[in-house]
Amino acid sequence: MGRQRTEATESLLVRQGNDNLVYNEENGGVGDGGSVAVSDVTTILGLSTFVATCIAFGSGCAVGYSSPTESSIMEDLGLSVAEFSVFGSILSIGALLGSAISGKITDFLGRKLTMWILNSFYIGGWLAIAFAKTPWLLDLGRLSLGFTVGTFTYLMPVYISEITTKNVRGRFSVIPSLTVGWGISFMYIVGSFVSWRTLALIATIPGLLQLLPLFFIPESPRWLAKVGRDKELEDVLLCLRGNKADIFNEAAEIKDYVESLKSFSKEGILEIFQKKYFRPLLTLVGMIILMNLGGANAFSFYSGVIFVSAGLSSMVGLITLATTQTIVGVLGIILIDKLGRRPLQLVSTAGLCFSCFLTGLSFLLKESNWWDQGSPALAFIGLLVYTGSYIVGSGIPWLLLSELFPINVKGSAGSICNFMGSCSGWVVAYYFNFLTEWSSTGTFFIFSACCAANFILSATMVPETKGRTLEEIQASITQSLD
């Protein structure tokens, strides 16, 4: 059995080195130059990415909704502080539920059907909130949104990575991470001018925009190969690469690798704990947990306080943050397939570490009355650096998750990573107030230490994956650990 697996892996690696057989995406065809050019970017790929960005923007809307609507919801429905706290936190409970089954549900139903179902949950959740007359319907809508957010966190990078070529996989996979921040800022800004019911109806727009494109976007070719629908796989690749493109070698590589997996491996949650998968799983779980323990939720919570202390209005501060997110995010999209995942991850974690330290230092100076005038500006600079660093690196662990694991265990790996990420994010959100009551300075220094640990983990354990097909990455990792 092991010999069969090794032979299959070596066959794939040998074929990658044969210029006459390898599907050459950079040159636009197979190595002999006799094929019609293959496009890295096509209309249908752009449409698929548009659906992903709508989903991500909607996730940001769900996260950012409760902050600008708190007082009006409590007043209109007569909610107590405890009842609104349930409403605000139940999004995390829904995300935990969604993250726990995200991998399995997308493996069982397929990527596209899962999008349809979750989009129904998304629109239904907002409508429940918009027309709620009682707290239970409000909470049910929020729970539905949390479920979609938790599932989409895994689904989107996996789907995008499975339909793109190796030359553009990185930049297309991280685009949704940028639009999450836009969604949060959109809720903050628009929520200042409209009622909470109107804001909920406006938030359905990303879901409604997906309805028509969902009829036209393709299923993942890797998932089609996994379930034995080979003819549909070839049709999808033609759709994604161009109708006249020669997709023979790419289709053969995908089918051969999936078949080799079936011959020596089984599906199941325990399969992911084999030695060959355990190290990348442990690395990614560590990266995701440390990223959350590095204070992402805390900075979102403290942003309004920092704006005021720096002498800025909330509107100016939000526009500044959104501008920073956009500029740095676009820069990251351009560089991720040129510099690679690992360098950007290291830059991101170093920036997060520095910004947390800078923010903690500002609180130390303020508490000690050493620099009362400069400490707010220091905190604001820390917030901007954190925002830019976070937007560069937040999508990289999920991109690596979609790249490092073969399709037979990707669902199990995704569920584990997503669930652990949701748990650690909830821990920070829940305990943050208690920590700041103890010491704001100490809290942000702890965040800085977690970011430093993430930098060390990334520097020592994260492999580079740019410029290789998914099958090449997974075959090389499997061979190196045998």
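1. What share of the contacts in the protein with a separation of 6 or more comes from residues 24 or more positions apart? The figure is 82%, where a contact means heavy atoms within 4.5 Å. Keep that in mind as you look around the structure.

2. A word on what you are looking at: this is a predicted model, in which local features need pLDDT of at least 70, side-chain atom pairs count only at pLDDT 80 or more, and totals for chains, interfaces and linings use all residues. Residues are numbered from 1 along each chain as its sequence is written, and side-chain values use heavy atoms, with hydrogens and water left out.

3. Now the overall picture. The protein has 21 helices and two strands; these are DSSP runs numbered from the N terminus, with helices being H or I of at least four residues and strands being E of at least two. Of its 482 residues, 57% count as buried. Here buried means under 20% relative accessible area, exposed means over 50%, and partly exposed is in between, with a 1.4 Å probe and protein chains only. The accessible surface comes to about 19,400 Å², and 66% of that belongs to carbon and sulfur atoms. Those areas come from the Shrake-Rupley method with a 1.4 Å probe, and for residues only the protein chains shown count as cover.

4. Go inside next. The largest nonpolar core has 34 residues, and Met115 and Leu233 have the most contacts inside it. (A nonpolar core is a set of buried Ala, Val, Leu, Ile, Met, Phe, Trp, Tyr and Cys residues joined through side-chain atoms within 4.5 Å.) At least two core residues come from each of helices H2 (43–64), H5 (111–130), H6 (135–163), H10 (221–226), H11 (230–241) and H12 (248–264). H6 gives the most, with seven residues. Beyond neighbours within four places in sequence, Met115 is in contact with Val51, Ile55, Leu155, Met156, Tyr159, Leu214 and Ile217. There is also a second, separate core of 32 residues, which includes Val174, Leu178, Ile272 and Ile396.

5. Asn119 is worth a click. This residue of helix H5 counts as buried because its relative accessibility is 2%. Not counting residues up to four places away, Asn119 touches Phe152, Gly207, Gln210, Leu211 and Leu214.

6. Thr164 sits in the loop between H6 and helix H7 (169–190). Is Thr164 buried or exposed? It is buried, at 3% relative accessible area. A polar atom of the Thr164 side chain lies 2.9 Å from the backbone oxygen of Ile160. Leaving out residues up to four places away in sequence, Thr164 touches Leu45, Arg169, Phe172 and Arg241.

7. On to charges. The count is 11 salt bridges, each being a side-chain nitrogen of Lys or Arg within 4 Å of a carboxyl oxygen of Asp or Glu. Take Glu162 and Arg111, whose closest N and O atoms are 2.9 Å apart. Glu162 is in H6 and Arg111 in H5, so this pair ties together parts that are 51 residues apart in sequence. Glu162 is buried at 0% relative accessible area, and Arg111 is buried at 0%. Arg229 and Glu232 also meet in a salt bridge, at 2.8 Å from N to O, but Arg229 is partly exposed at 33% and Glu232 is partly exposed at 36%.

8. Arg341 pairs with Asp337 in a salt bridge, with the closest N and O atoms 2.9 Å apart. Salt bridges that share partners join Arg169, Arg171, Asp337, Arg341 and Glu403 into one network.

9. A nonpolar surface patch of about 960 Å² includes Ile93, Leu97, Trp426 and Leu435. (Patches are made of residues with over 30% relative accessible area and no salt bridge: like charges are joined within 9 Å, nonpolar side chains (Val, Leu, Ile, Met, Phe, Trp, Tyr) within 5 Å.) Helices H4 (81–109) and H19 (407–438) are the elements giving two or more residues to this patch, and H19 gives the most, with seven. Leu435 is in H19 and counts as partly exposed because its relative accessibility is 31%.

Definitions and conventions
Polar contact = N/O pair within 3.5 Å; in protein donor to acceptor, adjacent residues only side chain to side chain.
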